[in-house]
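Dear colleague,

I am handing over the structure that follows, and I would be glad if you could read the notes below with it open beside you.

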Amino acid sequence: MAAASSVAPARHSCAKLSVPVEDPKAVAAGAGTVFVKATWLPSRFSLAVTDGAGAWVADASDHEVRLRAEQWDQPVTDYLALAERYLAFQQPDSTYSFHDAGKGNRRLSWTFERQGTKLEWRWKLQPSPNTQQTISEILDFLMDANIRLSEEVVRKTQSFDKLKQEAEKCLQQSERFNNEKTEFEQATFSKFVAVLNSKKAKLRQLRDKVVELESAGKPPKEEVEQQEENSTDRTELFEGESDKEASINDEPSETGSGNVHSSPERSAATSRGRGRGRKRAKK
């Protein structure tokens with residue numbers, strides 16, 4: 001486990017924590033705030049704390065972390081994860097304290113809730129062997145972190161500005177495309193209307209021409225009806241004459257030949273003469 005932890009990459013954090021002020025006279029000097037720099041490894045961690053005037057350090061070994069985790073019935077990884085959560089960033093639901101533990105030592109503590117019960121963790125810190133160096137390391141880390149954050153802000157700002165410019169270009173291009181689309185639709189519609197009107201005019205011309213041709217090639221309707229009536233009368237007349245001729249031709253003559261131009265009265269007289277001749281013969 002120790003070999004694995006020695007080669008594992010370390011994580012660093014530095015939190016600004018608000019703690020109760022032990023000496024009210026020190027408030028004007030900026031008391032009530034401490035900076036906690038922590039180095040996190042898979043099975044252990046180390047702390048460096050300063051209030052601006054002094055510095056204290058703590059090195060939690062693998063054995064100490066494992067004992068603390070067993071006391072709280074937690075795996076080592078869960079214990080370290082929970083400690084990092086409260087020491088890397090100040091949690092609003094936690095109460096932090098940094099008070100004297102005698103002989104120049106300090107005790108850093110923080111509270112948390114577990115299954116509805118408020119619990120407290122604390123670690124004892126010893127005065128740093130080199131206060132100025134420890135404070136300098138903390139300040140250097142904060143400055144480096146501030147520079148990294150500033151650079152990140154600059155990059156994000158530049159990226160945002162670039163995205164904003166691209167968005168404006170896209171918006172302008174979209175508006176241009178929309179205008180071109182509108183102009184194209186209007187031009188297409190105008191051409192379509194022109195073609196449609198031309199086709200309508202052509203159809204009207206063809207219709208007028210057809211009407212003109214029909215008027216020139218056929219008689220008017222009244223003349224057609226009059227011609228039909230005349231043709232009907234003639235047909236009836238021809239049929240009547242044919243019946244009369246048939247009745248005249250069907251009448252037999254005494255000599256066996258009929259006169260087609262004899263009148264009905266002459267035919268009747270001839271019939272009566274033949275009748276009297278037959279009666280004389282019988283007598």
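This is a predicted model: local features need pLDDT of at least 70, side-chain atom pairs count only at pLDDT 80 or more; totals for chains, interfaces and linings use all residues.

Overall fold

The secondary structure of the protein chain amounts to six helices and seven strands, and these elements, read along the sequence, are arranged in the pattern α-β-β-β-β-α-α-β-β-β-α-α-α. The protein chain has 283 residues, of which 22% count as buried. When contacts between residues at least 6 apart in sequence are considered, 49% of them join residues at least 24 apart.

The nonpolar core

The largest nonpolar core has 30 residues, and the members that touch the most other members are Phe45, Leu47, Phe98, Leu108, Trp110 and Leu125. Helix H3, which covers residues 76-88, gives the most to this core, contributing six residues.

Helices H2 and H3

Helix H2 (residues 62-71) packs with H3 at an angle of about 95 degrees, the two axes lying 9 Å apart, and because of that angle H2 is described as roughly perpendicular to H3. On the H2 side the contact is made by Val65, Arg66, Arg68 and Ala69, and on the H3 side by Val76, Tyr79 and Leu80. Sorted by class, the contact of H2 with H3 has five nonpolar residues, two charged residues and no polar ones.

In the loop between H2 and H3 lies aspartate 73, whose phi is near 55 degrees, a positive value in a residue other than glycine. Most residues other than glycine have a negative phi. Aspartate 73 is exposed, with a relative accessible area of 66%.

Two buried residues in strands

Threonine 50 belongs to strand S3 (residues 45-50) and has a relative accessible area of 4%, so this residue counts as buried. The side chain of threonine 50 reaches the backbone oxygen of glycine 54 at 2.7 Å. Apart from its neighbours within four places in sequence, threonine 50 is in contact with Val34, Phe35, Ala55, Ile135 and Ile138.

Serine 97 is placed in strand S5 (residues 96-102). With a relative accessible area of 18%, serine 97 is still buried, because the cut-off lies at under 20%. The side chains of serine 97 and histidine 99 are joined by a polar contact of 2.9 Å. Serine 97 and tryptophan 110 stand 13 residues apart in sequence, while their C-alpha atoms are 6.4 Å apart in space. With neighbours within four places in sequence left aside, the contacts of serine 97 are Val19, Pro20, Arg107, Leu108 and Ser109.

Exposed positions

Lysine 103 lies in the loop between S5 and strand S6 (105-114), and its phi is near 60 degrees, again a positive value in a residue other than glycine. At 84% relative accessibility, lysine 103 counts as exposed.

Phenylalanine 89 is located in the loop between H3 and S5. Is phenylalanine 89 buried or exposed? At 60% relative accessibility, phenylalanine 89 counts as exposed. Not counting residues up to four places away in sequence, phenylalanine 89 touches Ala15, Glu84 and Tyr96, and its C-alpha atom is separated by 8.0 Å from that of leucine 17, a residue 72 places away along the chain.

Glutamine 132 is found in helix H4, which spans residues 131-217, and is exposed, with a relative accessible area of 59%. The C-alpha atoms of glutamine 132 and glycine 54 are separated by 8.2 Å, although the two residues are 78 apart along the chain. Glycine 54 is also the residue whose backbone oxygen is reached by the side chain of threonine 50.

With best regards

Methods. Residues are numbered from 1 along each chain as its sequence is written. Side-chain values use heavy atoms; hydrogens and water are left out. A nonpolar core is a set of buried Ala, Val, Leu, Ile, Met, Phe, Trp, Tyr and Cys residues joined through side-chain atoms within 4.5 Å. Buried means under 20% relative accessible area, exposed over 50%, partly exposed in between (1.4 Å probe, protein chains only). Helices (H or I, at least four residues) and strands (E, at least two) are DSSP runs, numbered from the N terminus. Axes are lines fitted to C-alpha atoms, for helices over the stretch in contact, and angles run from 0 to 180 degrees between N-to-C directions. Angles under 35 degrees count as roughly parallel, over 145 as roughly antiparallel, 65 to 115 as roughly perpendicular and the rest as oblique. Contact means heavy atoms within 4.5 Å. Ala, Val, Leu, Ile, Met, Phe, Trp, Tyr, Cys and Pro count as nonpolar, Asp, Glu, Lys and Arg as charged, and the others, Gly among them, as polar. A polar contact is a pair of N or O atoms within 3.5 Å; within protein, one must be able to donate a hydrogen and the other to accept it, and residues adjacent in sequence count only if both atoms are side-chain atoms.
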